[in-house]
Amino acid sequence: MRRSAVKRLEYDDIEEVQGEQYFHPVTGEPLTVKRTFVYQALPTIRRFHAETDNIKAIVGPVGSGKTAGATVEVGYRIPMMLWNKYGLNKTRGIVLRNTYPMLIDSTQKTFFEWFPPGIYGSYNKNEKTYNMQYVTLDAKQEPVTLEIEVLFRSCDRPEEVEQFRGYELTWYLIDEADEIHIDIKNMLKQRIGRFPPMRVWYPRLRKKYHDLRPLDKPAIQHELEEHPERYQMKFGIEISNPPSTESNMYWAFDWKTFVPGPKPERKPLKGHAGYWQPERENEENLIPGYYDRMAEAYAYAPDWVARYIKGEPGIRLKGKMVYNNFARKIHEAKANLVWSKELLYRGWDNTGLHPGVVIVQSPTPRQVQVMREYWGERENIVSFAKRVIDACNKIYPGAEWVDYADPAGWQQFSRRDGTLTSNSELMMEECPGLYLEKSEQNFKARINAVDEQMMEMVTGGEPAFLVDPDCVGIINGFLGGYFYPRIASSASGEEIYSENPVKNKYADLHDALQYVLVRIRGSSPKGRGKDGKLGRPNDPLLIC
């Protein structure tokens, strides 16, 4: 393999030496190094390159060119920009992926195909460090030698975050960032912008901007506030296939392009800009029929197609799905559902520190509509109940309510004064007007109630089950967030799953949904009418 000290790199025309074969320095696999090619950024990736926020992301389907775009960003654009801006020709960064095999087989392979070892530098397998060096032309069309130190690392567990504490970096690049714990990302955000150190680049910047004050902390703080565009010395880049709507990546970025999914429930972080690629944006650069053949191969998994080909957000299936009959195109309402001014139902998962509530209505006989969802993160059950009821009173003023709850919510425990109570009793004591009824304990009966509801249609051909598009937790639970975990494989290779779903946010919300549906589909649900007496003979949800 040819080893030259430097390689001339021009942004729009990169020429490789003819007749040479290059190999992955770790796996030995031949690299598909193009002999002559031109880098032309796709429309979305071009906007990504131009973005000035410190932390930026590209999200797109498989084969969308995001890894190539991010590689050019850290391997050429950032080093060249820092030379043109500050006169700095040295940068250092981390390329991170969750597992080492995926790092070397996918991310590192793409990086080496764009910047092959032996042309652009040397790779140290023991230290997992790539020392790049090449000659290119700067903004004045004068030659400059750029030096880039690239640290390839793998890490997916938050307890491993300490390994990054001592790094001094210019940038980081995280591939499949949806799979990396937020604690690791936060640590890397603290480490970028530290190389080259301020004592090196600030004096050079003063030569360019004569109005800068001498180097001291108050002066630097003033300049950062007055002229932030002058001080972009830190770069965080995250790329991923479409993340789940509950992922920190989904809500952390201010998406500058259209996102084909529900709006994130939280405000984006300051200085975080994201670009979501549209379906088939890179199709012209792939082999003919790339996406069509993939869609045919995965026709049995429409949600996989929606995520990895159409670029829609979703949930990675980590086990066996609980329900059999959910189809997003059928059961997710096309627009927000509107209250019919009729009776409303609440289902309560009111045990533990993570309570959940769903609100259901039936605007027409035999149809169930899931209107809203609420979930508490380690929240006291009484505080949670008051929060939910206050919100319901504002959104649905004057509504009549029927509330079904987890039978385990009546399990008693001792108060400080020695008397006995339960979560359900506490809720009814502290929330005037709230009356909870016990739902069904049998898990299979509850699952069947939801699955059977999804199979039915009502007059006019509409589905008997609809979910408001803002009920992100319920929808994502159907798509795979609520699942039976795999526990083993049999001798014949058959997967063995637990009899109980994983207990998480989706399980809390779906338990609440089940507590409603299993009762309203039953033969004789009990409750209080407006006169306070038990029984609702005109209940529109009575399905006999």
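## Strands, helices and aromatic pairs in a predicted model

Strand E9 (residues 171-175) pairs with strand E10 in the parallel sense, over 5 bridges. Within this pairing, Ile174 has Glu238 of E10 as its bridge partner. The structure described here is a predicted model.

E10 has another partner. Strand E4 (residues 55-59) also runs parallel to E10, and 5 bridges join the two. Here Val59 stands opposite Ser240 of E10.

How many of the residues of strand E10 (residues 235-240) are buried? The count is 6 of the 6, so E10 is largely enclosed by the rest of the structure. In a regular strand, side chains alternate between the two faces of the sheet. On one side of E10 are Phe235, Ile237 and Ile239, and on the other are Gly236, Glu238 and Ser240. Every one of these residues is buried, and both faces of E10 are therefore covered.

The protein as a whole has 544 residues, of which 52% are buried. Its secondary structure consists of 15 helices and 23 strands. Of the contacts between residues at least 6 apart in sequence, 65% join residues at least 24 apart. The protein exposes about 25,900 Å², and carbon and sulfur atoms supply 50% of this area.

Helix H12 (residues 423-430) has the buried residues Asn423, Ser424, Leu426 and Met427. They cover an arc of only 165° around the axis, which means that they are on the same side of H12. An α-helix has 3.6 residues a turn, so residues three or four places apart point the same way. What do the buried residues of H12 pack against? Their partners are helix H11 (381-395) and the strands E14 (344-349), E18 (413-414), E19 (420-421) and E20 (436-438).

Tyr298 is in the loop between helix H8 (290-297) and helix H9 (302-308). Is Tyr298 buried or partly exposed? Its relative accessibility is 29%, so Tyr298 counts as partly exposed. Apart from its neighbours within four places in sequence, Tyr298 is in contact with Trp304 and Val305.

The aromatic rings are the next topic. The count of aromatic pairs comes to 27.

Phe111 has 1% relative accessibility and counts as buried. Phe152, at 0%, counts as buried too.

In the other pair, Phe112 lies in helix H3 and Tyr123 in strand E6 (residues 121-124), so the pair ties together parts that are 11 residues apart in sequence. Phe112 and Tyr123 are both buried. The residues of both pairs belong to one aromatic cluster, formed by Phe111, Phe112, Phe115, Tyr120, Tyr123, Tyr130, Tyr134 and Phe152.

The charged end of Lys128 sits over the ring of Tyr100, 5.4 Å from the ring centre. In the case of Arg346, the charged end sits over the ring of Trp401, 4.0 Å from its centre.

Definitions and conventions: Residues numbered from 1 in each chain as written. Predicted model: local features only at pLDDT ≥ 70, side-chain atom pairs only at ≥ 80, totals over all residues. Heavy atoms only, no water. Helix = DSSP H or I, 4+ residues; strand = E, 2+ residues; numbered from the N terminus. Buried < 20%, exposed > 50% of the residue type's maximum accessible area, 1.4 Å probe, protein only. Contact = heavy atoms within 4.5 Å. Areas by Shrake-Rupley, 256 points an atom, 1.4 Å probe, with all protein chains shown as cover. Pairing = 2+ DSSP bridges. Arc of directions from axis to C-beta. Phe/Tyr/Trp six-rings, centres within 6.5 Å; stacked < 30°, edge-to-face > 60°. Lys NZ or Arg CZ within 6 Å of the ring centre and 35° of its normal.
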